[in-house]
Structure formats: structure tokens, C-alpha cells
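Dear colleague,

Please find the structure below for your records. My notes on the ligand site, the pockets and the backbone follow it.

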Amino acid sequence: MSKVEEKILEELDGEHLVSGVELADRLEVSRVAIWKHIQSLKKQGYSILAKPGKGYELVGAPRALLPYEIKRGLETEFVGGDVLYYEELDSTQSKAKDLAVEGKKEGTLVVAEAQTGGRGRRGRDWHSPRGGVYLSLILKPDMPPARSTLMSLLGGISVAESIYELFGLKPDLKWPNDVQIGGKKAGGILVNTSGEADVIDWIVIGIGLNANVDFSSFPSNLRKTATSLQRELGRRISRVNLTKRLLEKIEKNYQFFLREGGGPILEKWEALTNTLGVQVRVTNGEEVEGKAINIDKDGRLVIKLSDGGCKKIASGDVSLVDE
Ligand code: BTN
């Protein structure tokens with residue numbers, strides 16, 4: 001979207017009619033140019049009525065996660081400072097990692113309407129049809145890579161808080177980062193890190209949420225284990241509002257983490273998880289079964305084994321075992 005188009009949208013704030021002449025005057029371009037930009041905005045999904053003798057009226061914004069829509073009224077200092085938008089991409093995560101390597105600044109966000117090669121944890125695919133929210137955010141915290149699991153927990157907390165505040169649904173976080181509603185997966189978080197042994201160069205937090213996805217396109221195994229916000233609420237949700245709230249929450253939690261350290265983040269996560277105090281089976285090459293009793297300061301899951309010993313798990317797949 002061009003700068004002139006952004007200014008036209010600011011003038012047509014949804015409450016006032018503004019004539020072509022007024023717009024041309026205010027933006028110092030010709031009336032023909034205004035008309036062309038209005039046609040271009042309509043193509044991008046804006047509903048703009050031209051009322052003869054009165055002016056243009058903005059009656060609807062697109063549902064797409066356009067950078068302008070995400071940034072409008074976004075209450076962050078740096079998260080979402082730059083937004084790169086794609087109708088379709090192989091993976092926002094790969095794109096954000098490339099951008100991080102190129103030195104793009106902290107807070108840069110990549111969003112896509114759909115992904116053709118969406119990545120999940122542990123080398124799995126992330127099914128990414130239109131209707132979902134797929135985003136990857138570059139952060140540059142001053143901390144050792146060993147603590148990157150904390151960033152993944154921070155992502156989960158931010159998702160859960162946003163969903164609760166906007167829709168009144170209370171998601172559970174399954175260690176390390178599954179977002180579940182009613183025992184079914186509604187979203188996931190993937191974290192990639194680069195750096196030396198003792199300090200992170202950059203970190204990319206990737207979040208995938210089944211917002212308004214159409215389940216008929218899902219593989220049958222996922223239809224049983226996954227859910228979407230649309231399915232849980234019985235209505236479509238505004239992905240733009242969800243994305244904005246999520247970015248605001250991530251920034252708040254991240255600043256909180258930088259100020260206070262990991263402790264308060266771990267406390268928040270403990271209040272939102274369904275994984276502690278229950279019998280779990282963890283697969284990460286080997287299989288470990290026991291009671292999940294705690295997470296340590298780096299976000300590793302502490303399991304109490306049947307022989308009384310304890311084991312700390314840094315990554316893996318957890319299933320909750322019914323006792
Ligand atoms: C998981 O396995 O639970 C994590 C899924 C993470 C998916 C998101 S969608 C946006 C970003 N881009 C990707 O390719 N993956 C992450």
C-alpha cells in the first residue's frame with residue numbers, strides 16, 4: 001500500500017464523508033490520482049462508497065492481515081515496527097530467519113495468509129490453510145541460548161492471554177508450547193535461535209493459530225485432535241484484532257521478562273498449564289514416563305520417575321497419561 005493510500009484511509013476514518021476535491025487538496029495530488037488510489041484500495045479489500053455530490057465513505061476494511069490494518073492503533077513500542085505481508089509463503093519462519101540473518105531489526109514481523117511449507121516442532125509440517133494466523137517475529141534478547149525455551153513459554157502465555165481477553169476462552173498450555181482448548185490443539189509455537197554458546201544473536205518466535213480455518217481441508221488425524229477458535233466459538237473471529245492483541249501481549253511479556261527475569265514468566269505459565277502435577281509420557285528419542293512436577297528456571301520440564309529419581313527434559317512431545 002502506498003503512502004498516499006495510507007493517508008486516504010486516515011482521512012476516510014469510517015465516520016466522515018470526504019470529497020475527492022478535499023482529499024486531493026489535503027494530500028496535494030490530483031483528483032485523478034485520488035480516484036486511481038481509491039480503485040487500488042478497493043482491490044485490496046476496502047469497501048469505499050462514492051456518494052455523488054457528497055464524497056467518499058469507508059464502509060468496510062479487508063479481513064486480510066494487511067500491514068496497515070495490523071499497525072493501525074497497535075499499542076506497541078517496537079513489536080510489529082516492520083510488518084512483511086504475504087498472501088502465500090512457504091514458511092513465515094524461514095522468511096523471518098533469513099531476515100534475521102540479514103540483520104533486520106528487533107520487532108520485525110512476517111505474516112502470511114497461508115503457508116505451503118509451514119513448519120511445526122520436531123521437523124513436522126504445520127498445516128496452514130487460509131483462515132489461520134501464521135506469524136514469525138524477530139527478537140534479540142540479551143540472554144544465553146539455553147534460555148530460549150522461556151521465549152517459547154512466553155509465546156504460549158501471550159497467546160493464551162489474548163484468547164482469554166478477546167473471546168473469554170481459557171486455553172491450556174501443554175508443555176512446552178501447545179495451545180489447547182478443551183484438550184484439542186488450537187495453536188502452536190516454534191522457536192528458532194542463533195548465537196554463540198553464551199549469548200543469543202537473534203531469536204524467531206513463530207506462532208500458528210487455527211483461527212477461522214476450514215476443517216474439511218484438514219487431514220483426518222488432525223480433525224480429531226485439533227480445534228479452531230471458530231469451532232469453539234461458533235462464529236468467525238477477527239484475525240486482525242487477534243494479531244494486534246497478540247503482538248501487544250508479546251511485547252508486554254517480553255519487556256516484563258527483560259526487566260524481572262524469567263521468574264514471573266514461569267509463574268504465569270504455571271497458572272496456565274495442564275502439564276504440571278499429572279502423569280506424562282515424554283518422547284524425545286527415548287520415552288520417559290513419570291509425574292511432571294515442575295519446570296526449572298530455563299523452562300525445562302522436571303519429571304519424577306517411578307524409581308524416585310528426577311529427570312529434566314529440554315525438548316520433546318508430551319502426552320498426558322490418564323492414571
Ligand atoms: C508446533 O509444532 O506446535 C509449532 C507450530 C508453529 C507453526 C508456526 S505458523 C508460523 C510459523 N511459520 C512456520 O512455518 N511455523 C510457525
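A pocket, as used here, is found on a 1 Å grid over the protein atoms alone: it is an open set of points where a 1.4 Å probe fits, with protein on both sides within 12 Å along at least five of seven lines, and its lining residues have an atom within 4 Å of a point. The model is predicted, so local features need pLDDT of at least 70 and side-chain atom pairs count only at pLDDT 80 or more, while totals for chains, interfaces and linings use all residues. Residues are numbered from 1 along each chain as its sequence is written, and side-chain values use heavy atoms, with hydrogens and water left out.

Ligand site

The side chain of serine 91 places an N or O atom 2.8 Å from an oxygen atom of the ligand. Threonine 92 has a polar side-chain atom 3.0 Å from a ligand nitrogen atom. At arginine 121, a backbone N or O atom is 2.7 Å from an oxygen atom of the ligand. On its own the ligand has 410 Å² of accessible area, and the protein covers 99% of this (Shrake-Rupley method, 1.4 Å probe).

Helices (H or I, at least four residues) and strands (E, at least two) are DSSP runs, numbered from the N terminus.

The volume of the largest pocket is about 880 Å³, where a volume is the space filled by probe spheres set on the grid points, joined across faces, edges and corners. Its lining comprises 42 residues, and Arg124, Trp126, Asp178, Lys185 and Leu222 are the closest to the centre. The largest share of this lining, 5 residues, again belongs to β8. The lining divides into 14 nonpolar, 18 polar and 10 charged residues.

The second largest pocket has a volume of about 340 Å³. Among its 19 lining residues, Pro62, Arg63, Ser238, Arg239 and Val240 are the closest to the centre. Both β3 (83-89) and α9 (239-260) supply at least two lining residues, with the largest share, 4 residues, from α9. This lining has 6 nonpolar, 4 polar and 9 charged residues.

Backbone

Tryptophan 175 is joined to proline 176 by a cis peptide bond, with omega near 0°; proline 176 is in the loop between β6 (172-174) and β7. Glutamate 28, although not a glycine, has a positive phi of about 55°, and this residue lies in the loop between α2 (20-27) and α3 (31-43).

With kind regards

Key. Polar contact = N/O pair within 3.5 Å; in protein donor to acceptor, adjacent residues only side chain to side chain. Nonpolar A, V, L, I, M, F, W, Y, C, P; charged D, E, K, R; others polar.
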